[in-house]
Amino acid sequence: MKLVNLGNTNWSVSNIALGTWRMNKLTVDQAVKTIETAIDQGINFFDSSDVYGRSESEKIFGQAIKQVSKSRDELFIQTKGGIISHQRYDFSKQHLIQAVDNSLMRLDVDYLDSYLLHRPDPLMEPDEVAEAFDDLQKAGKVRHFGVSNFNPQQVSLLQNSLNQKILVNQLQFSLMHTGMIDHGIHTNMTDNRSVNHDGELIEYSRRKNITIQAWSPFQYSNYAGVFIDDPKAENLNQELQKLADKYQVSKNAIAVAWILRHPANFQVLIGTMNPEHIIDSIAGSDIQLSRQEWYDLYLSAGNDLP
Ligand SMILES: NC(=O)c1ccc[n+]([C@@H]2O[C@H](COP(=O)([O-])OP(=O)(O)OC[C@H]3O[C@@H](n4cnc5c(N)ncnc54)[C@H](OP(=O)(O)O)[C@@H]3O)[C@@H](O)[C@H]2O)c1
């Protein structure tokens, strides 16, 4: 398992992390097996959120990590907050402090290694968020902070008020969700792919030393499901299979290796709860695709080069 430094810190974290969005579907015993498999394969970083499974995922994860072979201080635990499901996004100081306390209670841990604002709140007051982060850090409840689904201007606006550096931006990125690079390839053109939805997220993150955590590495856009083995993505699956045969790994591993081949040093956030799929996916950590293989995969996903 290759390691990557998170942001500008000297924290060496696994370049593949396990997300616990879907953990609410497991019993605690099943969750222990899933987490233990991830740890055996070298994963030391886990992501959650207070909205996953209506908070059940945090609870099950919290109970399960008590029973695994690694101690709390050997694991990096990150969760996210700032969403009140189906009501509003809420970055008020009061909500953020309460949300962290609730997450700590559900996870049954004393501190979070990293806490992310889950989705940008248009009503965000950066100075108020800064006060919340200061209080949380001084109280020893959160070590480091980051964001998720923020564009560069939103990151910059918030960073301007903070005393802590934003280390992470968690963003969707997969072979079937490549908007962050498409518009750069199509710069100065007028086709659909030239539309820049997000700002220069990759370039900005690289310049500012922010680690991009790529969520849903095996999914289509808009929660449309898994592309691995999906007949709708026949060309991509053929290309994935060709490289899987060459490197003697699974298609999952190649889809992960494709993200990791990008020089931005992504951390890939896999969400499978199936121990076999975890092992399959993690094999991608060490594979270095050639430049041509990377482009072959990109093109087989239905993209073009001007
Ligand atoms: N910041 C955000 O807004 C945001 C949004 C979404 C997710 N996330 C984070 O990202 C993590 C990963 O997201 P994700 O779960 O969507 O990622 P994912 O790893 O792309 O998808 C996992 C899903 O794909 C299935 N799968 C994986 N390999 C498969 C295969 N070979 N064949 C069939 N099905 C396969 C898994 O089923 P099995 O379990 O059966 O393998 C599972 O249902 C989440 O846990 C969460 O931490 C963040």
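Reply: The chain has eleven helices and twelve strands, where helices (H or I, at least four residues) and strands (E, at least two) are DSSP runs, numbered from the N terminus. This is a predicted model, in which local features need pLDDT of at least 70 and side-chain atom pairs count only at pLDDT 80 or more, while totals for chains, interfaces and linings use all residues. Residues are numbered from 1 along each chain as its sequence is written, and side-chain values use heavy atoms, with hydrogens and water left out.

Me: What share of the 306 residues in the chain do buried residues make up?

Reply: Buried means under 20% relative accessible area, exposed over 50%, and partly exposed in between, with a 1.4 Å probe and protein chains only. By that criterion, the buried share of the 306 residues is 56%.

Me: What share of the contacts in the chain with a separation of 6 or more comes from residues 24 or more positions apart?

Reply: A contact here means heavy atoms within 4.5 Å. Among contacts with a separation of 6 or more, the share from residues 24 or more positions apart is 74%.

Me: Which residues of helix α5 are buried, and which are exposed on the other side?

Reply: In α5, which covers residues 152–161, Pro152, Val155 and Leu158 are buried. They lie on the same side of α5 because they cover an arc of only 135 degrees around the axis, the arc being that of the directions from the helix axis to the C-beta atoms. What covers these buried residues includes β8 (112–117), α4 (126–138), β9 (142–148), β10 (166–172) and α7 (201–207). On the other side of α5, the exposed residues are Gln153 and Asn160.

Me: Which helices do the buried residues of α11 pack against?

Reply: Helix α11 spans residues 291–300, and its buried residues are Glu293, Trp294, Leu297, Tyr298 and Ser300. Their packing partners are α6 (179–185), α8 (234–247) and α9 (251–260).

Me: Is Leu107 buried or exposed, and which residues does it touch?

Reply: Leu107 lies in helix α3, residues 93–107, and counts as buried because its relative accessibility is 0%. Not counting residues up to four places away in sequence, Leu107 touches Glu58, Phe61, Gly62, Ile77, Thr79 and Leu112.

Me: Which residues are in contact with Arg106, leaving aside its neighbours within four places in sequence?

Reply: Arg106 is also found in helix α3, and at 17% relative accessibility it counts as buried. With its neighbours within four places in sequence left aside, the residues in contact with Arg106 are Asp50, Ser55, Glu58, Lys59 and Gly62.

Me: What phi does Ser55 take, and where is it found?

Reply: Most residues other than glycine have a negative phi. Ser55 is found in the loop between β4 (45–47) and α2 (56–65), and it is buried, with a relative accessible area of 15%. Although Ser55 is not a glycine, its phi is positive, at about 80 degrees.

Me: Is His86 buried or exposed?

Reply: His86 is found in the loop between β6 (83–84) and β7 (88–89), and it has a positive phi of about 60 degrees although it is not a glycine. With a relative accessible area of 82%, His86 is exposed.

Me: Which residues does Val13 touch, not counting those up to four places away in sequence?

Reply: Val13 is found in strand β2, residues 12–14, and counts as buried at 0% relative accessibility. Beyond four places in sequence, the residues that Val13 touches are Lys2, Leu3, Val4, Leu6, Asn44, Phe45, Phe76 and Gln267.

Me: Which residues does Thr37 touch, again not counting residues up to four places away in sequence?

Reply: Thr37 has its place in helix α1, residues 28–40, and counts as buried at 13% relative accessibility. With residues up to four places away in sequence not counted, Thr37 touches Pro275, Ile278 and Ile279.
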